[in-house]
Each structure stands twice: as C-alpha cells, then as structure tokens.
Amino acid sequence: MKDFEGYKEELNKCSKCGLCETVCPLFKITPNDCVASKGKFIMLHGVAKGDLKITKNINKYIDMCLKCGKCKDFCPASIDICEILATAKYEYMKNKPLGKVINFLESPFIFDNIINTLEKFSLPFRKKMPNVKTSQKTVAYFKGCVNKVFPQNDNAISKIFQNTPIKILEPDFKCCGIPFLSEGNTNRYFEVMHHNSKLMQENNADYIVTDCASCQNTLKNYGTKTPEIVNWGDLIANENLKFEFSKHMKVTFHKPCHLDNEEFFEKIIKNCSNVEYIKMDGYDDCCGFAGTFAIKNPRLSKELLNQKISNIKKTNADFVITTCPLCQLGLTIGLTGSKIKVMSLLEFLAMEK
C-alpha cells in the first residue's frame with residue numbers, strides 16, 4: 001500500500017466506462033454514481049490532486065462499499081478499489097478523535113485480549129485436533145477470530161479428520177487484519193500481517209488452511225511467499241473424503257464474496273450419500289452482512305439480505321451452507337422463524353452418521 005497521493009495515477013486510469021456499475025451489488029439497488037467505483041474514483045481523484053478534502057460526506061461513500069472485489073475483477077484497468085478505499089479511510093480517520101478511539105479498541109491490549117479471553121472460556125467445549133502418529137500431510141490452521149470464540153468448527157474438524165493421515169498445526173496466528181483495514185487502522189493491519197506472514201513461512205506446512213473466506217482472501221493479499229492458502233473445503237475435496245448421512249437432505253450453498261473458488265463444494269456433495277444439492281439463484285450474490293457495512297448502512301444491508309433469503313427459500317432446502325462466519329450470522333438472522341438451518345460446511349459434514 002502507498003500513501004494516498006501515490007494513487008493519483010491509478011485513479012486517473014479510470015476511463016469512467018461504467019462497467020463497475022454493472023456488477024456492483026449496491027448500484028443495482030441504489031443507482032447512485034457515488035455508490036459504484038466510478039463515482040468514488042472521481043471524488044478520490046479530486047482528493048489526490050488536492051482539489052478536495054475527504055469530508056464526512058465522502059467518508060460516507062467510502063463506507064458504502066461491500067469490499068466484495070467484483071468491480072476490480074471486471075475493471076479493464078484492474079484498479080484495486082479496496083486498497084484505495086482502505087488508504088482513503090486511513091487519511092480520513094488518522095486525525096479524527098473517533099479514529100484514535102477505534103485504534104485503541106483495535107490495539108493488542110484491547111482487541112487481542114478480548115479474543116484470547118473468550119477463546120479460553122470456550123476451551124472446555126472445544127475438542128483437540130486429531131493426534132496423528134504418522135502423517136502424510138501437514139497443514140497450519142489459520143483460525144478466524146469468530147471461530148476462536150466459538151468452538152463448533154474445531155469440534156467438526158476434530159471429527160472429520162480423526163482417521164486421516166493429516167497433521168494439523170495450530171500456530172499462534174493473530175486476526176488476519178481485515179477489520180483493521182476496513183476502519184483505516186493500517187498500522188495495526190501491517191503489524192498483524194508481518195506477524196502472521198512470519199508464522200506461515202516458519203511452520204513447514206504443506207498448506208495454510210482457513211475456516212473463513214475473508215481470512216483466506218486477506219492472507220492471499222499479503223503478497224507473502226508462503227505455502228498455498230486454502231480453505232477446509234479445498235482440502236476435504238482434494239483428499240476425496242466420503243460422508244454418509246442416514247437420511248435424505250437437500251442443501252443449497254451461499255458463496256461468500258471473498259471466496260475465489262467454490263468448485264470444492266459440488267465435489268464434496270458428490271461424496272455425501274443422501275445429500276441433494278440445489279443451486280439457488282444468485283448463489284454468489286452478497287448477503288449484505290459485510291462486516292461493519294451492516295451497521296453503517298442498515299437499509300442497504302437489509303435489502304441485500306432480503307433478496308438472498310428469498311432465493312434461499314425458493315430452493316426449499318433443509319440447510320444453507322456457507323464458508324464465512326459473518327455470512328452465517330447474517331443468514332441466520334434473515335432466516336429467523338424458518339425451518340431452513342444455516343451451517344458452516346464443516347459443521348454440516350460433521351453431522352454424518
């Protein structure tokens with residue numbers, strides 16, 4: 001990442017073609033030019049040149065982004081809107097009293113201690129990783145913050161891999177850093193990035209495995225030379241693990257925005273007896289629960305969630321499966337009162353008989 005002025009040339013690459021508007025989930029429900037990347041680039045180019053300052057109103061549009069990355073994938077100039085917005089957010093927050101408060105709350109003294117304390121409380125309910133005497137493969141488990149607090153995924157991993165020759169290491173990784181980056185706390189982000197990168201390089205693992213699509217995406221964006229970074233679904237599919245369920249069930253899949261590959265899901269379901277996969281319309285559309293976006297933009301978040309819930313209900317599935325803890329939380333809220341249950345992929349596979 002560069003200083004904000006360093007993005008002047010990149011911002012100038014935007015030809016205002018509007019292709020970003022065709023893929024932006026927010027622009028589809030609120031066609032305001034400043035919602036899509038094109039409008040944001042116009043504003044921020046003015047800031048980079050010194051013609052504008054990042055005002056409260058511009059900051060509102062900085063926060064009005066899902067950070068899904070679809071615009072970057074579709075942009076002819078491959079402009080990285082997420083990186084530019086993170087730098088702009090830092091510029092806005094660095095001298096604001098609120099920024100100092102957020103930086104304090106996200107400091108190791110507060111943030112890390114809260115996560116570590118909650119993780120300790122969950123230890124009695126958390127199963128240990130399988131004890132593998134002879135391993136054919138070693139993986140380093142990057143546990144997301146949510147799954148450090150809640151033990152369900154650890155318990156599922158313990159069951160799924162108990163009879164496999166895979167050794168699972170649990171290095172002392174810190175938060176991937178995406179919450180810090182989203183709030184303009186880039187110093188804290190780089191701190192955890194260097195810490196995590198060092199551990200990923202030192203563990204001699206065949207893979208770094210995550211339980212969260214956002215963590216996986218963030219780790220890949222470090223740009224550090226490490227073992228391949230995959231999610232548990234990739235590993236399970238590659239190992240061709242089989243699962244037997246005692247009764248017929250219908251499932252559908254919600255693809256998190258930050259998951260860059262979902263091919264593993266159908267491979268896994270084919271290895272699950274008595275499980276039928278029903279692909280929902282807009283399976284890869286955002287659920288609207290993108291970190292603090294849902295707090296800062298509740299109306300837009302709810303509209304995206306309602307669209308997603310409607311598509312889920314049309315499948316008449318018994319379970320909706322995802323690989324992101326925040327997506328899981330958002331979908332659970334949206335399906336309150338419904339018979340459809342929301343589960344992580346790991347939790348679902350651990351249900352086998």
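These legends describe close-up views of a predicted model. In this predicted model, local features need pLDDT of at least 70 and side-chain atom pairs count only at pLDDT 80 or more, while totals for chains, interfaces and linings use all residues. Residues are numbered from 1 along each chain as its sequence is written, and side-chain values use heavy atoms, with hydrogens and water left out.

**View 1**
Helix H13 runs over residues 186-202. Helices (H or I, at least four residues) and strands (E, at least two) are DSSP runs, numbered from the N terminus. The 17 residues of H13 should span 24 Å at 1.5 Å a residue, and the end C-alpha atoms are 24 Å apart, which agrees. The expected span is 1.5 Å times one less than the number of residues. Buried residues of H13 are Thr-186, Arg-188, Tyr-189, Val-192, Met-193, Asn-196, Ser-197, Leu-199 and Met-200. They cover an arc of only 165° around the axis, so they sit on the same side of H13. The arc is that of the directions from the helix axis to the C-beta atoms. An α-helix has 3.6 residues a turn, so residues three or four places apart point the same way. Exposed Asn-187 and His-194 are on the face of H13 turned away from its buried side. Buried means under 20% relative accessible area, exposed over 50%, and partly exposed in between (1.4 Å probe, protein chains only). Asn-204 follows H13 and has a positive phi, near 50°.

**View 1. Aromatic pairs.**
The whole structure holds 11 aromatic pairs. Rings of Phe, Tyr and Trp (its six-membered ring) pair if their centres lie within 6.5 Å; planes under 30 degrees apart count as stacked, over 60 as edge-to-face and the rest as tilted. Phe-142 and Phe-173 form a tilted pair, 4.9 Å centre to centre, with 40° between the planes. Phe-142 lies in strand E1 (residues 137-142) and Phe-173 in the loop between strand E2 (166-169) and helix H12 (178-182), so the pair ties together parts that are 31 residues apart in sequence. Phe-142 is buried, at 0% relative accessible area. Phe-173 is buried too, at 2%. Tyr-189 and Phe-190 make an edge-to-face pair, because their ring centres are 5.4 Å apart and their planes stand at 65°. Tyr-189 is buried at 5%, whereas Phe-190 is partly exposed at 28%. Ring pairs also link Phe-253, Phe-264, Phe-265 and Tyr-277 into a cluster.

**View 2. Lysines over tyrosine rings.**
The charged end of Lys-96 sits over the ring of Tyr-92, 4.4 Å from its centre. Lys-279 has its charged end over the ring of Tyr-283, 4.5 Å from the ring centre. A charge sits over a ring if NZ of Lys or CZ of Arg is within 6 Å of the ring centre and within 35 degrees of the ring normal.

**View 3. The largest pocket.**
The largest pocket has a volume of about 1400 Å³. On a 1 Å grid over the protein atoms alone, a pocket is an open set of points where a 1.4 Å probe fits, with protein on both sides within 12 Å along at least five of seven lines. Lining residues have an atom within 4 Å of a point. Grid points are joined across faces, edges and corners, and a volume is the space filled by probe spheres set on the points. The lining counts 50 residues; Val-146, Pro-179, Gly-291, Thr-292 and Leu-326 lie nearest the centre. Elements giving two or more residues to the lining include helix H8 (97-105), helix H9 (108-122), helix H14 (213-221) and helix H19 (325-334). H19 gives the most, with 6 residues.

**View 4. Loop residues with positive phi.**
Lys-67 is not a glycine, yet has a positive phi of about 55°. Lys-67 is in the loop between helix H5 (56-63) and helix H6 (70-74). Asn-240, also not a glycine, has a positive phi of about 55°. Asn-240 is in the loop between helix H15 (232-238) and strand E5 (243-253). At 42% relative accessibility, Asn-240 is partly exposed.

Lys-100 lies in helix H8. Lys-100 is exposed, with a relative accessible area of 57%. Asp-172 lies in the loop between E2 and H12. Asp-172 is exposed, at 56%. The C-alpha atoms of Asp-172 and Gly-69, 103 residues apart along the chain, are separated by 29 Å.
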